[in-house]
Amino acid sequence: MTDLTFTVESGGALRGCLRVPGDKSISHRAIMLGALAEGMTAVTGFLEGEDCLATLRAFRAMGVRIDGPDQGRVTIHGAGLRGLRAPAGTLDMGNSGTSMRLMSGLLAGQAFDTVLSGDASLNRRPMRRVTEPLALMGARIEATESGTAPLRIRGGQRLTGIDYLLPVASAQVKSCLLLAGLYAEGVTRITEPAPTRDHTERMLEGFGYPLAREGDRTVAITGGGTLLGTAIDVPADISSAAFFLVGASIGPGSDLLLEHVGINPTRTGVIDILRLMGADIEVLNPRLAGGEPVADLRVRHAPLHGIQIPEDLVPLAIDEFPALFIAAACAEGITVLTGAEELRVKESDRIQVMADGLTALGIAAGPTTDGIVIRGGTLSGGTVDSHGDHRIAMSFAMAALRSRDPVSIRDCANVNTSFPDFVALARIAGLNLAEREAA
Ligand code: S3P
């Protein structure tokens, strides 16, 4: 195993105009629904990161012809809902929770058995949140004793719709059940405790599959329909843009334009939270791209202040907290996050790993069971460990814009899972970042 270390010189500003890579959530769903559709699906702006490639390879392993990716273009020759074939071996989902959780739903409805596994981080993450409701629908899935992957999914089961109240606000669980619902007899109705990203719902409708949305927390799907291939323009990922939104906000002299960013209202919590902290972010030229709202985002340096983060914004910014914690470290005063225990079961325990990294950089950061308390101050610089978590690595890279000495971040290879061009784009924008591989 090699260890990839980023070292970022302190200071500087982010300037110019950037397009960050395609949305990870939308890219996964484009492959999945394209594979299950009748006819062809043409995708542009596809994220060529390791997570989405894991999804793509899994469908190839099940006999789906997929051309590309080639500069974000992918063509999927849909196999239809009943057209997948048994794969020769275990499907490797790598680091990707989205691949594993969403695919467990659609694989529960197949005629053949499958086994899903991942890397050490993914094989530690909780899977009962999907296996339990799928079992209620009639699926047969075996996990480890602690409810983790590898998941052995038995084919040939008859699924029936359920009426299910999600115990946690999770778009992955909701999407898993919607995909199982395609194969179930009758209606699958899912209610969330709080709204989460609705890309699956939008994309199902884009593939011509009817859904019933009841208010902003309930969705129902009836099995037995057909998906029709379509064209999908994937917007830039607001979760990747988030590092630059934070970097430009904290870096004196910064002025950055981020182009064609997805601003689906279930994803824009990061903009709302940064604005509450005093950030200067303009949403320019809002438009629709293939059923998803997009805009250009202009962000300029501004003095930030600490806040109590409203809990209703937590699911709408769930992947952006590592970056937001860096903003909090550079803000005047105290920032308090509560209601975010989910951060402990992401690619790493993001509360503990961020608290440890901030502490190493001289910031007072106190983890709590469901959040963190961060007192803004002066970042010293030093070495932090990302624990193989892509978003933690990129967040600490931005911290160097305000640190006294350089910041080194260890274990950065997984940046490739969601943002393969990060180093190049960050340098273009003005970050003085060097990469070093050690055996
Ligand atoms: C995702 C949902 C979120 C998010 C993940 C992507 C999705 O996970 O953290 O990066 O594409 O549905 P949860 O549903 O577990 O909150």
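User: How far is an oxygen atom of the ligand from an N or O atom in the side chain of arginine 29?

Analyst: Start with the idea: a polar contact is a pair of N or O atoms within 3.5 Å. Here an oxygen atom of the ligand lies 2.6 Å from an N or O atom in the arginine 29 side chain. This is a predicted model, where local features need pLDDT of at least 70 and side-chain atom pairs pLDDT 80 or more, while totals for chains, interfaces and linings use all residues. Residues are numbered from 1 along each chain as its sequence is written, and side-chain values use heavy atoms, without hydrogens and water.

User: What distances does the ligand have to serine 170 and alanine 171?

Analyst: For serine 170, a ligand oxygen is 2.7 Å from an N or O atom of the side chain. For alanine 171, a ligand oxygen is 2.9 Å from a polar backbone atom. The protein covers 96% of the 390 Å² of accessible area that the ligand has on its own (Shrake-Rupley method, 1.4 Å probe).

User: Which residues surround the ligand?

Analyst: A residue counts as near if one of its heavy atoms lies within 4 Å. Among them here are Ser25, Thr98, Arg101, Gln172, Arg197, Asp319 and Lys346.

User: How do I read a sheet? In what order do the four strands stand?

Analyst: Strands are DSSP runs of E, at least two residues, and helices are runs of H or I, at least four, both numbered from the N terminus. Two strands pair if DSSP finds at least two bridges between them. Here the order is 10-11-13-12, in an open sheet with mixed pairing. Strand 10 (163-165) and strand 12 (212-214) each have a single partner strand, so one side of each has no neighbour in the sheet.

User: Which way do strand 11 and strand 13 run?

Analyst: They run antiparallel, and five bridges join residues 187-191 to residues 218-222. Valine 187 has threonine 222 as its bridge partner. Arginine 189 has alanine 220.

User: And which way do strand 10 and strand 11 run?

Analyst: Strands 10 and 11 run parallel, joined by three bridges. Tyrosine 164 is partnered with isoleucine 190 in strand 11. The chain crosses from strand 10 through helix 5 (residues 171-181) to strand 11, a right-handed β-α-β crossover. Right-handed has a test: with the strands pointing away from the viewer, the path from the first strand over the helix to the second runs clockwise.

User: Where does UniProt place the domain feature?

Analyst: An unreviewed UniProt entry places "domain: Enolpyruvate transferase" at residues 9-423. Such annotations may be inferred rather than shown by experiment. That span is 28% helix and 25% strand, and its end C-alpha atoms lie 13 Å apart.

Notes:
Polar contact = N/O pair within 3.5 Å; in protein donor to acceptor, adjacent residues only side chain to side chain.
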